[in-house]
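Welcome! Please take a moment to look over the sequence and the 3D view before reading on.

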Amino acid sequence: MARYIGLGVMRNPWKDIPLVDYEGHMAQVAQAQLLTDVLAEVLREYSPRSIAVVGCAGGNGFQKIDPQITPRVVGIDINPDYIAQTRIRFDGRIPTLELCVGDIQTDKEVFSPVDVVFAALVFEHV
């Protein structure tokens, strides 16, 4: 079950974009593959025991995570539907998957410390 953290009053537009539309756009402009490749490179280079993927959407790139090398995986997204879909896609593949609905702009603590924070999508939109 996803944790819901700091649900504010103002509606964030990211909560209204269906995952199928978002992933379709990301595939069309080749960002999905780029982000998957960059995440794979980070995993290869650092072999972290834990990683947090901020703005995880539907879990793009999670297929590159080897739970034997990186046993703790935290996915954070502001859209609860994206988190639900990530759970469906990866819950059985990544045994220690932690998924959080959270807003990194307002929530003080979304997850406990990890070795690596991957926030490529956040930096792309900032």
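## About the model

This is a predicted model, in which local features need pLDDT of at least 70 and side-chain atom pairs count only at pLDDT 80 or more, while totals for chains, interfaces and linings use all residues. Residues are numbered from 1 along each chain as its sequence is written, and side-chain values use heavy atoms, with hydrogens and water left out.

## The chain as a whole

Let us begin with the overall layout. The chain has 4 helices and 5 strands, and from the N terminus on its elements follow the order β-α-α-β-β-α-β-β-α. Helices (H or I, at least four residues) and strands (E, at least two) are DSSP runs, numbered from the N terminus.

Of the 126 residues in the chain, 44% are buried. Here buried means under 20% relative accessible area, exposed means over 50%, and partly exposed is in between (1.4 Å probe, protein chains only). The chain exposes about 7,400 Å², with carbon and sulfur atoms supplying 57% of it; such areas come from the Shrake-Rupley method with a 1.4 Å probe, and for residues only the protein chains shown count as cover. Among contacts with a separation of 6 or more, 66% are between residues 24 or more positions apart, where contact means heavy atoms within 4.5 Å.

Helix α1 has three buried residues to look for: Leu19, Tyr22 and Met26. They sit on the same side of α1, because they cover an arc of only 70° around the axis; the arc is that of the directions from the helix axis to the C-beta atoms. An α-helix has 3.6 residues a turn, so residues three or four places apart point the same way. On the other side of α1 you will find Val20, Ala27 and Gln28, which are exposed.

How does α1 pack against α2 (residues 31–46)? Their axes are 5 Å apart, at an angle of about 80°, which makes α1 roughly perpendicular to α2. Axes are lines fitted to C-alpha atoms, for helices over the stretch in contact, and angles run from 0 to 180 degrees between N-to-C directions. Angles under 35 degrees count as roughly parallel, over 145 as roughly antiparallel, 65 to 115 as roughly perpendicular and the rest as oblique. In this pairing, His25, Met26 and Ala27 of α1 meet Gln31, Ala32 and Leu35 of α2.

## Helix α3

Which residues of α3 (residues 80–90) are buried? They are Tyr82, Ile83, Thr86 and Phe90. Because their arc around the axis is only 100°, they lie on the same side of α3. The face turned away from that buried side carries the exposed residues Asp81 and Ile88. For packing, the buried residues of α3 meet α1 (19–28), β3 (72–77) and β4 (97–101).

The axes of α1 and α3 come within 10 Å and cross at roughly 75°, so these two helices are roughly perpendicular to each other. Leu19, Tyr22 and Glu23 of α1 make the contact with Tyr82, Gln85 and Arg89 of α3. At the start of α3, a side-chain oxygen of asparagine 79 comes to within 2.8 Å of the backbone nitrogen of aspartate 81.

## Arginine 72 in strand β3

Arginine 72 belongs to strand β3. Is this residue buried or exposed? Arginine 72 is buried, with a relative accessible area of 17%. Its side chain is joined to that of serine 112 by a polar contact of 2.8 Å. A polar contact is a pair of N or O atoms within 3.5 Å; within protein, one must be able to donate a hydrogen and the other to accept it, and residues adjacent in sequence count only if both atoms are side-chain atoms. Beyond its neighbours within four places in sequence, arginine 72 has contacts that include Arg49, Ile51, Glu98 and Val114.

## Residues in the loops

Proline 18 is in the loop between β1 (3–4) and α1 and is partly exposed at 41% relative accessibility.

Alanine 57 has a positive phi of about 50° although it is not a glycine. This alanine is in the loop between β2 and β3, and alanine 57 is buried at 5% relative accessible area. Serine 47, in the loop between α2 and β2 (50–54), also has a positive phi, near 40°, and serine 47 is partly exposed at 39% relative accessibility.
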